[in-house]
Amino acid sequence: MTREICPAWIDGMQEVKMKETALTVHRILELGYYSRVDFMMDEDGAIYCLEANTLPGMTPLSLLPQEAKAAGITYHELCEAIVNNGKRSRIMKITLEKYHGLGNDYLIFDPNKNEWKLTKEAVRLICNRNFGVGSDGLLVGPILGENKMEVKILNPDGSEAELSGNGVRIFGKYLKDAGYVQKNHFAVNTLSGEQQIHYLNEEGTRIKVSMGHLSFWSDEIPMTGPRREVLNETLTFGSIPYRVTCVSIGNPHCVIWLNDISKDLVCRIGRHSEAADCFPEKVNTELLRVVDRTNIEIEIYERGAGYT
């Protein structure tokens, strides 16, 4: 027969470790306003996390109210704290700025102007064009450090991208509009490293970004298989073979040259190519058509974002 003991017979160090672990589990799982994290401890004092209960019982005889009572919190105080915490979370305001570069639109979340903590779920909802504001991604920054500035480029699915040319240019325009920079040339750090930004006019509407060097080497893209330059190689997506050239410019791209391209076609190919086994970090897919010696057309399907 199991005996219920509340508060549990544990020493101070075990209590501290359980509290820290419970908070870590709650935050990693992004459980919202409250949760109850359950543990098991063996005879040697080793602690094991059993589960995180996102909707624990709330009758006066349930475990959570009993635990709160043992900690000196009345049932009324516990219910009031949960409700007030939910209210604060719901009414917290969020400030966003929306820009676009060549039709590639991003929302800017400035952590210096927002107290709200972004989660993957929140990013997905904000970027959703039916239920949120709608965008091709979220730029989180500037994140100010000692002698450097950083921006996180988040895809609509909440994942972080190494680099986006339009995203960096948009971020550069925002930095000028918001008064963060006065120089005509400065550096911003992304997941792929340092990017150089140059303003080409006083308003900052024309911007050049030095994004580093191109690499066709498979281990730098990255791709599976022996080290090689991936030029005019045949890959199969959705049972159809295509001649492709793959390249990295801080993030991976798969370029397919075709005579006829369209949104529908790049979406059909991209759904297969994005997570193909040969791309361990997934890939952006571009269909390219040469119009003449000075013009090209492209259709783009981005990993974590879809058609852009």
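Ala, Val, Leu, Ile, Met, Phe, Trp, Tyr, Cys and Pro count here as nonpolar, Asp, Glu, Lys and Arg as charged, and the others, Gly among them, as polar. On that scheme, the lining of the second largest cavity divides into three nonpolar, two polar and three charged residues. The model is predicted: local features need pLDDT of at least 70, side-chain atom pairs count only at pLDDT 80 or more, and totals for chains, interfaces and linings use all residues. Residues are numbered from 1 along each chain as its sequence is written, and side-chain values use heavy atoms, with hydrogens and water left out.

**Cavities**

- A cavity is a set of points, on a 1 Å grid over the protein atoms alone, where a 1.4 Å probe fits but cannot get out; lining residues have an atom within 4 Å of a point.
- Grid points are joined across faces, edges and corners, and a volume is the space filled by probe spheres set on the points.
- The structure holds two cavities of 30 Å³ or more.
- The largest cavity has about 60 Å³ of space. Its lining includes Tyr-106, Ile-153, Asn-155, Glu-302 and Arg-303. By class, the lining has four nonpolar, four polar and two charged residues.
- The second largest cavity has about 30 Å³ of space. It is lined by Thr-95, Leu-96, Glu-97, Ile-108, Asp-110, Lys-113, Asn-114 and Tyr-174.

**Second largest pocket**

- A pocket is an open set of grid points with protein on both sides within 12 Å along at least five of seven lines.
- The second largest pocket has a volume of about 770 Å³.
- Its lining counts 28 residues; Asn-166, His-253, Glu-286, Ile-298 and Ile-300 lie nearest the centre.
- Helix 5 (165-177), strand 12, strand 13, strand 14 (284-292) and strand 15 (295-302) each give two or more residues to this lining.
- Strand 15 supplies the largest share, five residues.
- The lining divides into 15 nonpolar, nine polar and four charged residues.

- Helices (H or I, at least four residues) and strands (E, at least two) are DSSP runs, numbered from the N terminus. Two strands pair if DSSP finds at least two bridges between them.
- Six strands form an open sheet in the order 11-12-13-14-15-16, with mixed pairing.
- Strand 11 (233-237) and strand 16 (306-307) are at the edges with a single partner strand each, so one side of each has no neighbour in the sheet.
- Strands 11 and 12 pair in the antiparallel sense over five bridges. Thr-234 stands opposite Arg-243 in strand 12.
- The hairpin of strands 11 and 12 has two residues between the strands, and Gly-238 takes a positive phi near 60°.
- Strand 12 (residues 240-248) also pairs with strand 13 (residues 252-257), in the antiparallel sense over five bridges.
- In strand 13, Val-255 is the bridge partner of Thr-245, and His-253 is that of Val-247.
- The hairpin of strands 12 and 13 has three residues between them, with Gly-250 in the turn at a positive phi of about 100°.

**Helix 4**

- Buried means under 20% relative accessible area, exposed over 50%, and partly exposed in between (1.4 Å probe, protein chains only).
- In helix 4 (residues 120-127), the buried residues are Ala-122, Val-123, Ile-126 and Cys-127.
- Down the helix axis, these buried residues fall within an arc of 120°, so they line one face of helix 4. The arc is that of the directions from the helix axis to the C-beta atoms.
- Their cover includes strand 3 (96-101), strand 4 (104-109), strand 5 (138-145) and strand 6 (148-154). Contact means heavy atoms within 4.5 Å.
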